[in-house]
Amino acid sequence: MADMKAFERECEAFFRPLWPGEDKILVFGEGRSDSPDIMLIGEAPGEQETLKRRPFVGKAGKNLDEFLALMGIERESIYVSNVVKIRPTSIGSTGRVRNRAPSKEEIALFLPFLMKEIGLVAPKAIVTLGNVPLKALMGPKAAVGELHGRWHTAGNGSKLFALYHPAAIIYRRELRQVYERDVLALRDSLTIETQK
Ligand code: URA
């Protein structure tokens, strides 16, 4: 059984000194870490995730739950994580703290830890949500618009299925149908693909 607590301690020890005096919260992955069928990888935690210290519990989490219902699988049976484990923020014009996309530097900083996490969890398949995890694992030229809905081999040899990010469906309603078709394609091919 993978020692995820030791992994989390290692992350804390590396990242804590990078932001002295700042109350940055690291949101770690959760779920089955003993070679589950799926490791789902998102971008970075948002506000709700940081408050609850759990990945995908805010708005994007709701969409994720729909995705899992469509797949007919329980959230507890998979492992869910993010590339970047802190909430990337910026200050809006009204002074409010907003989410922003993770920067290249943040992604590069967290990538070795993501690779270690994948090694520990040893999922049968990785499902990426959006461009950030897809590029992190397949290289900068990979684009979800081209690669979604199909199986690929990641740079580390993992089987990888690319999906749009659930938040993209909130902003681009025309993607909903595409997303649902992709999720059903994943459901129908998962067993065959993970047994190859
Ligand atoms: N979006 C992500 O990519 N990850 C989360 O944990 C929440 C929202």
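## Exercise 1: H1 and H4

In this predicted model, helix H1 (residues 4–15) and helix H4 (residues 104–121) pack with their axes 11 Å apart and at an angle of about 170 degrees. Determine how H1 and H4 are oriented to each other, and which residues make the contact.

Solution. Step one is to take the angle of about 170 degrees between H1 and H4 and to compare it with the cut-off, since angles over 145 degrees count as roughly antiparallel; H1 and H4 are therefore roughly antiparallel to each other. Step two is to list the contact, to which H1 contributes Met4, Phe7, Glu10, Cys11, Phe14 and Phe15, while H4 contributes Leu109, Phe110, Phe113, Lys116, Glu117, Leu120 and Val121. Step three is to sort these residues by class, which gives ten nonpolar, no polar and three charged residues.

## Exercise 2: H4 and H5

Find how the axes of H4 and helix H5 (residues 131–138) cross, and describe the classes of residue in their contact.

Solution. The axes of H4 and H5 come within 11 Å, and they cross at roughly 75 degrees. Because angles of 65 to 115 degrees count as roughly perpendicular, H4 is roughly perpendicular to H5. On the H4 side the contact is made by Ile107, Leu111, Leu114, Met115 and Ile118, and on the H5 side by Val132, Ala136 and Leu137. By class, the contact of H4 with H5 comprises eight nonpolar residues, with no polar and no charged ones.

## Exercise 3: H3 and H8

Work out the orientation of H3 and H8, the handedness of their crossing and the make-up of their contact.

Solution. Helix H3 (residues 59–71) and helix H8 (residues 175–195) have axes 9 Å apart and pack at an angle of about 45 degrees, and they are therefore oblique to each other. The crossing of H3 and H8 is right-handed. From H3 the contact takes Asn63, Glu66, Phe67, Leu70 and Met71, and from H8 it takes Arg176, Tyr179, Glu180, Val183, Leu184, Leu186, Arg187 and Leu190. In the contact of H3 with H8, eight residues are nonpolar, one is polar and four are charged.

## Exercise 4: the ligand

Which residues surround the ligand?

Solution. The ligand is surrounded by Gly42, Glu43, Ala44, Pro45, Glu49, Pro55, Phe56, Ala60, Asn82 and His165. Turning to atom pairs, a backbone N or O atom of Ala44 lies 3.1 Å from a nitrogen atom of the ligand, and a backbone N or O atom of Phe56 lies 3.0 Å from an oxygen atom of the ligand. For His165, a polar side-chain atom lies 2.8 Å from an oxygen atom of the ligand.

Definitions and conventions. Residues numbered from 1 in each chain as written. Predicted model: local features only at pLDDT ≥ 70, side-chain atom pairs only at ≥ 80, totals over all residues. Heavy atoms only, no water. Axes fitted to C-alpha atoms, helices over the stretch in contact; angles between N-to-C directions. Helix = DSSP H or I, 4+ residues; strand = E, 2+ residues; numbered from the N terminus. Parallel < 35°, antiparallel > 145°, perpendicular 65-115°, else oblique. Left-handed = near helix turned anticlockwise from the far one by under 90°. Contact = heavy atoms within 4.5 Å. Nonpolar A, V, L, I, M, F, W, Y, C, P; charged D, E, K, R; others polar. Near = heavy atom within 4 Å. Polar contact = N/O pair within 3.5 Å; in protein donor to acceptor, adjacent residues only side chain to side chain.
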